[in-house]
Amino acid sequence: METKNINPFDNAMRQLQNAVETLRLKDSKTVRSKIKLLKEPQRIINVTLPVEMDNGEIRNFQGYRVQYNNCLGPYKGGIRFHPQVSLDEVKALSFWMTMKCAAAGLPLGGAKGGVVVDPKTLTEGELERLSRAYVRAIADSIGPDTDVPAPDVNTNGIIMGWMVDEYINVKCQMSRLHLPSARADGGQANVKSIPKSKISKKEKEYLSSTFTGKLLKDGGSEGREEATGRGGLFVLEAVLAKQKTENRSRKIEMTVAGRQIASHATTAFDVASQPRLTAAVQGFGNVGYNIAKFLHEHGFCVVAVSDSKGSVYVPDGMNPSLTLECKKKTGMLAGCYCSGSVCDVKKGRHITNDELLELPVDILVPSALENMITKDNAKNIKAKIILEMANGPTTPEADEILFKRGVTVIPDILSNSGGVIVSCFEWEQNKKGEHWTKEDVNKKLKKKIEEAVDAIWKISKELKTDLRTAAFVVALKKILKV
Ligand code: NAD
């Protein structure tokens, strides 16, 4: 499928426009100027990163940090390493972060970072030097109260560890520069950084709060690694419960009224009558694997998963943990048809990524990249619910087709908000010098998600609109204070 020409930022702005029109705002000057502000990022940082390769050559990489909007708090958003990273993609992702944090009621704004690189072509040493170079280039613009990055596609807790370490190095050097003795000898060449051992535990913890999604040993939060997936499960369960209640009351209403009542798109799927819901998950990285695992553990039947090289289809339902083990052992997902406690080539078959999206399942879970569901394949999607775990997987044209067909699209800014919610908890813990238990984190996450689903569902009913527009409206009301 050709998706290269679809501009994610244009899509994001169309989504914003839909929500602004749905909200029918009184056109005050302040509101107008705030909306205008939301149409462009507040700051774009464009950096060239010279990195020494293992063979001694210096290669330049292109990097970005887009600080979209901070009217609700410090900028917040992940860092993506991918060959297709572009300024428009980072702008779109930073805008979605702004809306996501607002819809989840977090005291944070939105940002995103990206480096144009295929990390699979780098050695571990090269990847570390690139990660450190990126932080050095943006260090002046980030900080616990300014901008707080996190992992995204192809970055993880290990990379966050290198980044935090580099950030602390830079901060130590900067502090030394302010000492009179350092200033007296006139140049950076003679300046030695403050040894890290001289920083107090408290200071280190505070500086560490500049990054979230860290490993536990580096000050990460319990539950952060799987938070996006866990949050996705909480969102899905909350939405299914709403649909169930609505279908029940619709049936009563139908009996009372004695006639067929036109079904709204979000209630077209009668969850109550389904025995074991089936799901297909596109993407098998942090988000895809974890949502597949949680769905499996909570009684859903996951029949297919994919990665960038292809998909596996196991019609009787797969075991995601065993599938991951198999992928690690064999180096590829293809051939890992794992169900129950065994992997057996007879249990499944290889399908293409396009076929995965069109499987006859109840729930489709895009968990890879943007623009996967477009006007070209939306009409072929058979799922009744799309749980958008990736950012921006559905184009506005596809959204319209799906809505008319009665497919419930649970939007990315709600479905995958578990990641940033627990990142916010991590930031809070680091700043306060606390460490919460996993139970505490998961309990707080569930509460936040249920509150967000309640608010978005209510608005979708009030304004008779789809869940994406409703989620944007909830976010806009917080940002515009209307
Ligand atoms: P990841 O790098 O861990 O995994 C990405 C996965 O997608 C890999 O399995 C990759 O092989 C697969 N993939 C790439 N192109 C594909 C294609 N064309 N078809 C099928 N699979 C493909 O990244 P991640 O952290 O899991 O992020 C996935 C998505 O979730 C992104 O959109 C990201 O922005 C979003 N997200 C991530 C987090 C987080 O906490 N990591 C939070 C919120 C949203």
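This report walks through a predicted model of a protein with a ligand, from the overall fold to a few individual residues.

## The big picture

Let's start with the whole chain. The protein has 482 residues, and 56% of them count as buried. Its secondary structure comes to 16 helices and 14 strands.

Now look at who touches whom. Take the contacts between residues at least 6 apart in sequence: 69% of these join residues at least 24 apart.

## Around the ligand

Find the ligand and you'll see 24 residues around it, the closest being Asp-152, Asn-154, Thr-228, Val-287 and Asn-391. Sorted by class, this shell has eight nonpolar, 12 polar and four charged residues.

Asp-152 puts a polar side-chain atom 2.6 Å from an oxygen atom of the ligand. Thr-228 also uses a polar side-chain atom, 2.9 Å from a ligand oxygen. With Asn-154, a backbone N or O atom sits 2.8 Å from an oxygen atom of the ligand. On its own the ligand would expose 830 Å², and the protein buries 86% of that.

## Charged pairs

Side chains of opposite charge can pair when their charged atoms come close. The structure holds 31 salt bridges. In one of them, Arg-80 pairs with Asp-152, their closest N and O atoms being 2.7 Å apart. The two partners are 72 residues apart: Arg-80 is in strand β3 (residues 75–82), while Asp-152 is in the loop between β5 (147–151) and α5 (157–177). Arg-80 counts as buried because its relative accessibility is 2%, and Asp-152 is buried too, at 17%.

Another bridge joins Arg-468 to Asp-412, at 3.5 Å from N to O. This pair links helix α16 (residues 467–480) with helix α13 (residues 412–415), across 56 residues of sequence. Both Arg-468 and Asp-412 are buried. Elsewhere, salt bridges with shared partners tie Arg-80, Glu-89, Lys-112, Asp-152 and Glu-370 into one network.

## A serine in a loop

Is Ser-209 buried or exposed? Ser-209 is buried, because its relative accessible area is 0%. You'll find this residue in the loop between α7 (201–208) and α8 (227–257).

A polar atom of the Ser-209 side chain lies 2.6 Å from the backbone oxygen of Tyr-206. Beyond its neighbours within four places in sequence, Ser-209 is in contact with Pro-144, Val-148, Lys-214, Trp-427, Asn-430 and Lys-431.

How values were computed:
Residues are numbered from 1 along each chain as its sequence is written. This is a predicted model: local features need pLDDT of at least 70, side-chain atom pairs count only at pLDDT 80 or more; totals for chains, interfaces and linings use all residues. Side-chain values use heavy atoms; hydrogens and water are left out. Helices (H or I, at least four residues) and strands (E, at least two) are DSSP runs, numbered from the N terminus. Buried means under 20% relative accessible area, exposed over 50%, partly exposed in between (1.4 Å probe, protein chains only). Contact means heavy atoms within 4.5 Å. A polar contact is a pair of N or O atoms within 3.5 Å; within protein, one must be able to donate a hydrogen and the other to accept it, and residues adjacent in sequence count only if both atoms are side-chain atoms. A residue is near a molecule or strand if one of its heavy atoms lies within 4 Å of it. Accessible areas come from the Shrake-Rupley method with a 1.4 Å probe; for residues, only the protein chains shown count as cover. Ala, Val, Leu, Ile, Met, Phe, Trp, Tyr, Cys and Pro count as nonpolar, Asp, Glu, Lys and Arg as charged, and the others, Gly among them, as polar. A salt bridge is a side-chain nitrogen of Lys or Arg within 4 Å of a carboxyl oxygen of Asp or Glu.
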